[in-house]
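This report describes selected local features of one protein model, grouped by topic. The sequence and structure are shown first.

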Amino acid sequence: MAFPDSVAATQRLLAAGGYVADRALATTVHLALHLGRPLFLEGEPGTGKTEIAKVLAAQLPRRLVRLQCYDGMDLAAAAYEWNHARQLMAIRLAEATGEAKDRAALERGIYDKRFLMERPLLQALDGDPAVLLIDELDRADEPFEAFLLEILADFQITIPELGTIKAEVPPVVVITSNRTREVHDAIRRRCLYHWVDYPDAARERAILRIRAPGVPERLSAEVVAFVQRLRQGDYFKLPGVAETIDWALALNALDCKELEPAVVDDTLGALLKYQDDIARLRGAEAAKLVAEAKQAAAA
């Protein structure tokens, strides 16, 4: 499938996959697709950064190859490693059959692609067209970023024992970061950048219509108004869109038609993930936000 031919078409493609994008985000996605540049998405957790890659993979359609970054991740986990057990078996077989006398040929043989175990980065370059999601790059160690530069610039990986493997069709690359640390400028320069912010009330209600269609309109409006006001407070971890959806579904599962302070207090664990935040909101503060949310939703 060809890439969408306009920003509006890109916005419609994302919407077809259940992602409600504003025009600024759709523009950045559109340019990344047509310029062949990696897309670097930064923002708070739960704002829908990872979901963009999933929707692109489903709608283009392409394979989704995901590299989940973590502290201490190395080349073997991210790109490739040699299957040493199979290599050793090949060497012993060569010795048993007398083929081990030609050491140069033996070395070439054991560093053949059939002994190579592909990890996500190499999988995205080798095979059918893919969407490569490098998720939460800020969790990986800084030295790992240097290895990514060749991939992001030339869509290839150089394996010393084997040579360079280059993608026949460059993958669509989506990199996400929750900004727990700063990602190096060398990575940023190779990408198109977009800060994925919390949606405004109108867009968040549109998201709920798609992702939680069974939630009554009145309850959905009050949930969004409550969350929008909550995000203006000073909490350790503000709820993202994912938490808004979870909370709306939880309230709907309890047959709620509108927000009530007692039910809000009982279900804050679906919205907030730290006890200090829950304790601060529960009670009078929650009741105040419920009253404000009802007033805003009715306006």
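## Lining of the largest pocket

In this predicted model, three helices each supply at least two residues to the lining of the largest pocket: α3, α10 (201–211) and α12 (241–253). The greatest contribution comes from α12, which gives five residues to this lining.

The pocket has a volume of about 520 Å³. Its lining comprises 28 residues, of which G46, T47, G48, E51 and A242 are the closest to the centre.

## The buried face of α10

Helix α10, one of the contributors to the pocket lining, has four buried residues: R203, E204, I207 and L208. Viewed down the helix axis, these buried residues fall within an arc of 145°, and they therefore line one face of α10. An α-helix has 3.6 residues a turn, so residues three or four places apart point the same way.

The partners of this face are also helical: the buried residues of α10 pack against α11 (217–230) and α12.

R181 is found in the loop that runs between β8 (172–177) and α9 (185–189). Its relative accessibility is 18%, and R181 therefore counts as buried, the cut-off being under 20%.

A polar atom of the R181 side chain lies 3.1 Å from the backbone oxygen of D138. D138 is also among the residues in contact with R181 when neighbours within four places in sequence are left aside; the others are L137, A140, D141, E142 and E145.

## Backbone geometry in the loops

Most residues other than glycine have a negative phi, and most peptide bonds are trans.

The phi of R179 is positive, near 60°, although the residue is not a glycine. With a relative accessibility of 44%, R179 counts as partly exposed, whereas R181 counts as buried. E136 also has a positive phi, of about 60°, and is likewise not a glycine. E136 is placed in the loop between β5 (130–135) and α8 (142–154). The relative accessible area of E136 is 18%, so this residue is buried.

The peptide bond from L60 to P61 is cis, with omega near -20°. P61 is located in the loop between α3 (49–59) and β2 (63–68); α3 also supplies at least two residues to the lining of the largest pocket.

## T27 in helix α2

T27 belongs to helix α2, which spans residues 23–35. At 26% relative accessibility, T27 counts as partly exposed. The side chain of T27 reaches the backbone oxygen of R23 at a distance of 2.7 Å.

T27 and V7 are 20 residues apart in sequence, while their C-alpha atoms are 5.3 Å apart in space.

Notes
Residues are numbered from 1 along each chain as its sequence is written. This is a predicted model: local features need pLDDT of at least 70, side-chain atom pairs count only at pLDDT 80 or more; totals for chains, interfaces and linings use all residues. Side-chain values use heavy atoms; hydrogens and water are left out. Buried means under 20% relative accessible area, exposed over 50%, partly exposed in between (1.4 Å probe, protein chains only). A polar contact is a pair of N or O atoms within 3.5 Å; within protein, one must be able to donate a hydrogen and the other to accept it, and residues adjacent in sequence count only if both atoms are side-chain atoms. Contact means heavy atoms within 4.5 Å. On a 1 Å grid over the protein atoms alone, a cavity is a set of points where a 1.4 Å probe fits but cannot get out, and a pocket is an open set with protein on both sides within 12 Å along at least five of seven lines; lining residues have an atom within 4 Å of a point. Grid points are joined across faces, edges and corners, and a volume is the space filled by probe spheres set on the points. The arc is that of the directions from the helix axis to the C-beta atoms.
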